[in-house]
Amino acid sequence: MSAHCQVTGTVPGFGHRISHSHRRTKRRFNPNIQRKRYWVPSLGRNVTLTVSARGIKTIDRRGIDAVVREILARGERI
């Protein structure tokens, strides 16, 4: 499972881990990705989405039907 949110499009960020001596090494900032199952009344079935914590809040605010419609319009497979 890739660290990619289907709702917000959030992907991992990259930066440096800085030690006490100030040496820099590469690191990765992963988003908080969850696999969540939703009932979508317009499709009449359950849909499993890979969403971040912010994506879950977006679904709560806008509604699952609107979010799924937008995902399908982008051409993503659900």
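Author: A nonpolar core here is a set of buried Ala, Val, Leu, Ile, Met, Phe, Trp, Tyr and Cys residues joined through side-chain atoms within 4.5 Å. Buried means under 20% relative accessible area, exposed over 50%, and partly exposed in between, with a 1.4 Å probe and protein chains only. The model is predicted: local features need pLDDT of at least 70, side-chain atom pairs count only at pLDDT 80 or more, and totals for chains, interfaces and linings use all residues. Residues are numbered from 1 along each chain as its sequence is written, and side-chain values use heavy atoms, with hydrogens and water left out.

Reader: How many residues has the largest nonpolar core?

Author: The largest nonpolar core has 15 residues. Those with the most contacts inside it are Val7, Tyr38, Leu49, Val51, Ile59 and Ile64.

Reader: Which elements give two or more residues to this core?

Author: Strands E3 (33-40) and E4 (45-52), plus helices H1 (53-62) and H2 (64-73). H2 gives the largest share, four residues. Helices (H or I, at least four residues) and strands (E, at least two) are DSSP runs, numbered from the N terminus.

Reader: Which residues of H2 are buried?

Author: Ile64, Val67, Val68 and Ile71. Seen down the axis of H2, they fall within an arc of 95°, so they line one face of the helix. The arc is that of the directions from the helix axis to the C-beta atoms. E3, E4 and H1 are among what covers these buried residues.

Reader: And what is exposed on the other side of H2?

Author: Arg69 and Ala73.

Reader: Glutamate 70, then. What is it in contact with?

Author: Leaving aside neighbours within four places in sequence, glutamate 70 is in contact with Val7 and Arg62. Contact means heavy atoms within 4.5 Å. The side chains of glutamate 70 and arginine 62 are also joined by a polar contact of 3.0 Å. That term is a pair of N or O atoms within 3.5 Å; within protein, one must be able to donate a hydrogen and the other to accept it, and residues adjacent in sequence count only if both atoms are side-chain atoms.

Reader: Why does glutamate 70 count as partly exposed?

Author: Because its relative accessibility is 35%.

Reader: Changing topic. In what sense do E1 and E2 pair?

Author: Antiparallel, over six bridges, with E1 at residues 13-18 and E2 at residues 24-29. Two strands pair if DSSP finds at least two bridges between them. Glycine 15 has arginine 27 in E2 as its bridge partner.

Reader: Which residue in that hairpin takes a positive phi?

Author: Histidine 22, near 75°, in a hairpin with five residues between the strands.
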